[in-house]
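Visitor: I have a model open and some questions about it. Can we go through it together?
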2 protein chains.
Amino acid sequence: MMQQPPLLCFYVYIVCLFSVGHIHSQYVFKTEYFEAKLDHFTFLSNATFKLRYLVNDSYWSPDTNAPIFFYVGNEGDITLFVQNTGFIWEIAPEFNALVVFAEHRFYGESMPFGNKSYDKGNIGYLSSSQAMMDYIDLIAELRHNHNKQFPVVLFGGSYGGMLAAWMRMTYPASVTGAIASSAPIWQFPEMTHCNSYYRVITSAFSRVSPNCSDNIRKSWKTIDDITKTDEGKSWLSSTWNLCEPLQSSENVTTLRDYLDNVYANLGMANYPYPTDFLAPLPGHPVKAVCKHLLEKDLEGKKLLSALFQGVSVYFNYTGNAKCLNYASAYQSSLGDSGWNYQACTEMVMPICTDGKHDMYEVSEWNFTEYAEDCYEKYGVKPDPSHVRNLYGGKHISTATNIIFSNGELDPWSCCGVLHNMSDTAQAIVLADAAHHLDLRASNPADPESVVEARKYYRTVIQQWISQ
Amino acid sequence: MMQQPPLLCFYVYIVCLFSVGHIHSQYVFKTEYFEAKLDHFTFLSNATFKLRYLVNDSYWSPDTNAPIFFYVGNEGDITLFVQNTGFIWEIAPEFNALVVFAEHRFYGESMPFGNKSYDKGNIGYLSSSQAMMDYIDLIAELRHNHNKQFPVVLFGGSYGGMLAAWMRMTYPASVTGAIASSAPIWQFPEMTHCNSYYRVITSAFSRVSPNCSDNIRKSWKTIDDITKTDEGKSWLSSTWNLCEPLQSSENVTTLRDYLDNVYANLGMANYPYPTDFLAPLPGHPVKAVCKHLLEKDLEGKKLLSALFQGVSVYFNYTGNAKCLNYASAYQSSLGDSGWNYQACTEMVMPICTDGKHDMYEVSEWNFTEYAEDCYEKYGVKPDPSHVRNLYGGKHISTATNIIFSNGELDPWSCCGVLHNMSDTAQAIVLADAAHHLDLRASNPADPESVVEARKYYRTVIQQWISQ
């Protein structure tokens, strides 16, 4: 079973966020640093570190009740996000808003211990609670500098959307409202069934054609069967034009993991217009892949040959790839060790497949094994109930002033808030939208749902600010 | 100026809580221990410690929607509080409630590092945030043991009331509602004027007679003047029957501090019936003290002689005291070093006097000096904005399901919530009531305000539970 480890699943979206679509390098900002406390909740040390944030005050009218638009940095370099969250930039002028993009501790330049930040004894300070208080203290300073209780609207996508929602719920005095896009705050034990994530990925393929997902489901065993022999390995290496020929069962496992990542990435980046995601992709990329997998009775080498045509959409849309490098399905410049650590401590997101409701093989969620692996890697024990106890799990009916938006095509919609939690904590499902498309800059090819949603956000933000 | 240091001011109420009134030793409970995480917000260590809690399940019907009544332990040994919060015990049977009294970390038996808990490097884990998460995790376990989302009603007085209110605001999924009695959540910088606390103490005396507070105001300088000479020291030592004769200016300072504490303790324990507070007190003790200070033109030795009659009400109501021990105005068995540390980190509560609106001499709030003193003692820097950033300061209009009750006579009413914050976050001012009288067992001499308040709490709790 080629199921990728859950921590990688989640990590993928970083790449998605900053790589899909056009880079709007016209956005102008200053780089500032905030002296953040290393530890907000104990008093063992007075240490601080420099938290980076990017700011544009050119639209701002601090003499009025103008808001602070605060992008809640997630697990990556903030300079990537600043260029890829065009919605904030588009609406800041009309709101006379101060634009702030704050970087998450232990990512980008915001390394509390420099290049030793990921050392044992240091990385323990990487947690959602600490990161949120970095932001709360920064907001307090921004307000304090002008001695004014400016409205603060948070924007966040994916993990950043989770943080945005949790910040409004936990620190409502500091946060006026939050747009939490594609935020799977319920992808935790006892909140969502572990097979939901892969079911949604599968549905993106089966809605093109059930034959497509059926063929992918069959392909796992077919790959195993064919690569049992050296001749088979050789055939597949050659037919798929692999950069590194298959020589061992480990190679085969790596190839399966690669495919797993490819399908997930396609699901998230299933945008209606061509984008530049890792490898460039056409619009509706899942459809483009499935085009090669529509035949009902594909089997054996014929199936794998067809699959290669599909996968080529992902790795060779331009036609310029020399070979298929199955070592990685996405670029690795983002320091995924940060997220892997978070997944091993508090971000425990169960993943499983049953081979029936999804296009994968059977794989159960084995927390014990997961925990042992984490302990071996980092000396930490993941706590499956921590996030629930901290942030309330599914009992969040007291939440107010939050938009939970979910792309209908986005795998992470599996585990977000899909129903209103209160009058002002509202859920929105965006038809024909993938992973937090709504936070990106406008594009002529945007689906109607996203166009309308952005209009609605403007109205809601205006209401929040006027309160 | 004999103003006591702020940290001691606050500490006083512990004593008040467990010492005033009758001890209802009929309350029966089991002692249990919960394996609490040492650090809820970083992952540097997997260490845990035993948090003590006391529990009575004899009234409980876990098969129904019966609530958990959870006493939020404050800065003292929990066994003292369990016997002195009679209101919970009185209403538990009618609600079929589980009664839980949880001990605050670093107090009583809940010492994470045993007798080394207060050592540098250990005591840093003493914080409100950590204590609250201990309670949240304990609540989660109590619910999880029965696999049921029982309603949880918090009860807390003074600092415990602050924690109760903050817990409902921060963790609403874990907490259904909170009775926060005499909780000065606004006794922090930029929230309440630093002279409020002493103004309220003064008003308790001046409402008996302005001459009473005027005489006390005059007495500080009179003490200084008379004790300038050895003859004067000797006269005062003899007239006041001091256990330790005044021999130095340090002794005089200690005596002044003692008086400062006495007035504060009288203000808090200004109950309408005789109570057993440190030294036993009559009902309406402030009135009893002022009886000796009603004359308008008291001066010099005549003033101090009269003052001694007043102070005798505090230290010698029984007539059995051999001499006045001015070394301490309250028993010292409670480990005030815990609270002193908290006051030096996050519980920064400004105190000042102006000698006009209060019966003290002029003393300004000097944060720099305060911070230096803390740094010298503990190597920590108090953060005046920490509590505001964590818990929202005065911007808590999103709070729900909280009763903020304040005794009109209680000095700490200076800095509590006196107006409704929302439809269900309500403020109550209890006429003729001192420090969290409402949480104590019923007494025939209770003022009508408290009798009515307790009835109202029953109704409100029922509403919370039914939601």
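Visitor: Quick one to begin. Is A:Trp166 buried or exposed?
Guide: A:Trp166 is buried, at a relative accessible area of 2%. Buried means under 20% relative accessible area, exposed means over 50%, and partly exposed is in between, with a 1.4 Å probe and protein chains only. This is a predicted model, where local features need pLDDT of at least 70, side-chain atom pairs count only at pLDDT 80 or more, and totals for chains, interfaces and linings use all residues. Residues are numbered from 1 along each chain as its sequence is written, chains are lettered from A and ligands numbered from 1 in the order in which they are written, and side-chain values use heavy atoms, with hydrogens and water left out.

Visitor: How many aromatic pairs are there over all chains?
Guide: The count is 57. Rings of Phe, Tyr and Trp (its six-membered ring) pair if their centres lie within 6.5 Å; planes under 30 degrees apart are stacked, over 60 edge-to-face, the rest tilted.

Visitor: Why is the pair of A:Trp166 and A:Phe188 called tilted?
Guide: Their planes sit at 50°, so the pair is tilted; the ring centres are 6.4 Å apart. A:Trp166 is in helix α5 and A:Phe188 in the loop between β6 and α6, so the pair ties together parts 22 residues apart in sequence. Helices (H or I, at least four residues) and strands (E, at least two) are DSSP runs, numbered from the N terminus. A:Phe188 is buried too, at 1% relative accessibility.

Visitor: And what about A:Phe205 and A:Tyr263?
Guide: That pair is edge-to-face, 5.7 Å centre to centre with 75° between the planes. A:Phe205 is in helix α6 and A:Tyr263 in helix α9, 58 residues apart. Both A:Phe205 and A:Tyr263 are buried.

Visitor: Which cluster do they belong to?
Guide: Ring pairs link a cluster that includes A:Phe205, A:Tyr263, A:Trp220 and A:Trp412.

Visitor: Switching to cysteines. How many disulfides over all chains?
Guide: The structure holds 10. A disulfide is a pair of cysteine sulfur atoms within 2.5 Å. One of them joins A:Cys344 to A:Cys374, with sulfurs 2.0 Å apart. That pair links helix α12 to helix α13 of chain A, 30 residues apart.

Visitor: Why is that disulfide of A:Cys344 and A:Cys374 left-handed?
Guide: The torsion about its S-S bond is about -75°, so the A:Cys344 and A:Cys374 link is left-handed. Both cysteines are buried.

Visitor: What about A:Cys414 and A:Cys415?
Guide: They form a disulfide as well, sulfurs 2.1 Å apart. The link is left-handed, at -100°. A:Cys414 is buried at 14%, and A:Cys415 is buried at 0%.
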